[in-house]
Structure formats: C-alpha cells, structure tokens
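Please keep the sequence and the structure in view while reading.

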Amino acid sequence: MKKLGIVICVQLLTILLFVSSIANAADWRFPLGLTYVNNFKDVFDIYENNLEAQGVLVVDSLFLPVGLSVHPYVQFDNGLGVGSSLGPIAFISATSNSDVDANFFDLPLGLDLRYTPLAKETISPYIRGGVRYHIANGDFVEESTPGFFGAIGIEFARKRTIGFGMEIAYDSSEIELEKFKKQGSKLIRSTEVIRPYGLMASIFIVF
C-alpha cells in the first residue's frame with residue numbers, strides 16, 4: 001500500500017508538470033547548497049557496534065552528516081513548481097585494527113511539487129513535498145525503501161542572477177541494516193529499519 005501511494009504521487013506530479021507547462025510561462029532555477037542531516041549518526045553507531053560485536057576494534061572512523069545537495073526546479077507564474085533533488089551525499093568509512101573494515105554510501109534522489117506564494121517578488125517563502133529514495137550501498141545494507149518528503153523554506157534576491165535561501169525539511173524514507181550483537185560466544189544477527197536522514201537543515205544559493 002505504501003509503495004502504491006508513492007507511485008500515485010509521482011504520477012500526479014508528472015501530470016501537474018505537464019498541465020502547468022502548457023498554461024504558464026516557466027522559469028528554471030538551480031539551488032545548490034549544504035545540508036545537515038540529523039539522523040545520520042544512527043547509521044554510524046550501527047556500523048561501529050557491528051564491528052565491535054565481531055571483536056574488532058575501530059581505530060579510525062569518519063562520517064559526514066553534512067553534504068552538498070542540489071534541487072533544480074521549474075517555477076510557473078501561478079506559484080506552482082516541479083523539481084527534483086539530489087543529495088546530500090553521505091558516507092561512512094571505518095578502519096579497524098584487523099583486515100575488517102566497513103563502508104557506507106548514500107545518495108538520495110527525489111521528486112517534488114512546490115508552491116511559492118510570492119513567486120514574482122524579491123523575497124518569498126515556499127513549501128514543497130514529494131517522494132525520495134536512497135541509493136544506499138555498504139557492508140551492512142539490506143534494502144532501501146522510498147518515503148515521503150516535505151520542506152518549508154524561504155528564498156531571497158529572487159530577481160537577481162544569484163539568490164540565496166534556507167530550508168528545513170523532513171525525509172521519511174528508510175533503509176534496513178544488518179545488526180550484530182555479542183551474546184556469550186555467539187554472534188546474534190538481526191536487522192533494524194532506520195530513517196538515515198530524518199530532519200534536515202539547508203543553506204543554499206540559487207542560480
């Protein structure tokens with residue numbers, strides 16, 4: 001049922017794009033910025049705990065909860081807009097005192113519909129919502145499930161060649177990870193479903 005709803009949402013966005021492109025003049029805009037993700041440490045903790053459960057001491061690790069993101073969109077005169085999103089790319093690299101290392105890579109892709117009430121003004125708030133899917137790959141990754149995405153933000157200097165803005169967003173898409181726990185001499189395996197990004201905060205420039 002959840003996947004069916006996502007498919008329907010994508011189809012509706014496509015129809016709205018087609019109808020709006022016929023009825024209104026279009027303005028392409030390209031926001032590029034830095035995004036902080038709140039839940040990414042949950043992924044890192046699972047990786048670190050899995051290695052320790054296997055008797056491996058993590059001697060060096062790196063995880064970046066901040067990354068580049070781009071979400072180009074087409075803006076119509078009626079305030080509606082349709083766009084896509086890429087990023088932020090996130091990764092983990094953990095090095096142990098043995099030959100056992102662990103890595104994780106995540107590239108989110110999205111499609112969304114937005115509304116900018118003051119599209120012709122210099123400053124305007126906006127809202128956007130749609131679907132996202134994480135292309136996740138790593139040692140303990142089982143699967144990735146698409147989810148819904150919502151954001152509120154504001155853009156400044158919209159009439160200039162380069163503008164800027166800020167945004168708060170939430171990503172409900174999920175990934176399933178292997179999880180290991182040491183019980184006596186046994187290594188118990190399970191899985192855990194988490195939302196790797198959750199709440200996000202971005203600052204960006206707009207071309």
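## The largest pocket

Strand S1 gives the largest share of the lining of the largest pocket, namely three residues. S1 (26–29) and S5 (73–76) each supply at least two residues of that lining, where strands (E, at least two residues) and helices (H or I, at least four residues) are DSSP runs numbered from the N terminus. The model is predicted, so local features need pLDDT of at least 70 and side-chain atom pairs count only at pLDDT 80 or more, while totals for chains, interfaces and linings use all residues. Residues are numbered from 1 along each chain as its sequence is written, and side-chain values use heavy atoms, with hydrogens and water left out.

About 160 Å³ of space lies in this pocket. Twelve residues line the pocket, and the closest to its centre are Asp27, Gln75, Ala119, Lys120 and Arg158. On a 1 Å grid over the protein atoms alone, a pocket is an open set of points with protein on both sides within 12 Å along at least five of seven lines, a cavity is a set of points where a 1.4 Å probe fits but cannot get out, and lining residues have an atom within 4 Å of a point. Grid points are joined across faces, edges and corners, and a volume is the space filled by probe spheres set on the points. By class, the pocket lining has seven charged residues, four nonpolar and one polar; Asp, Glu, Lys and Arg count as charged, Ala, Val, Leu, Ile, Met, Phe, Trp, Tyr, Cys and Pro as nonpolar, and the others, Gly among them, as polar.

## Strand S5 and its partners

S5 pairs with S1 in the antiparallel sense over four bridges, and Trp28 stands opposite Val74 in S5. Two strands pair if DSSP finds at least two bridges between them. S5 also pairs with strand S6 (residues 80–86), in the antiparallel sense over three bridges, and the bridge partner of Val74 in S6 is Val82. Three residues lie between the strands in the hairpin of S5 and S6, where Gly79 takes a positive phi near 95°.

In a regular strand the side chains alternate between the two faces of the sheet. Both faces of S5 are covered, with Tyr73 and Gln75 buried on one side and Val74 and Phe76 buried on the other; buried means under 20% relative accessible area, found with a 1.4 Å probe and protein chains only.

A search of the whole structure finds one cavity of 30 Å³ or more. About 90 Å³ of space lies in the largest cavity, which is lined by 13 residues, with Thr35, Arg128, Arg132, Glu167 and Ser202 nearest its centre. Strands S9 (124–138), S12 (163–171) and S15 (198–206) each give two or more residues to the cavity lining, which divides into four nonpolar, six polar and three charged residues.

His71 lies in the loop between strand S4 (66–70) and S5, and counts as buried because its relative accessibility is 6%. Leaving aside residues up to four places away in sequence, His71 touches Pro31, Ser84, Ser85, Arg114, Arg128, Glu167 and Phe204, where contact means heavy atoms within 4.5 Å.

## The protein as a whole

The protein has two helices and 15 strands, and 43% of its 207 residues count as buried. Among contacts between residues at least 6 apart in sequence, 68% join residues at least 24 apart.

Note on methods:
Buried means under 20% relative accessible area, exposed over 50%, partly exposed in between (1.4 Å probe, protein chains only).
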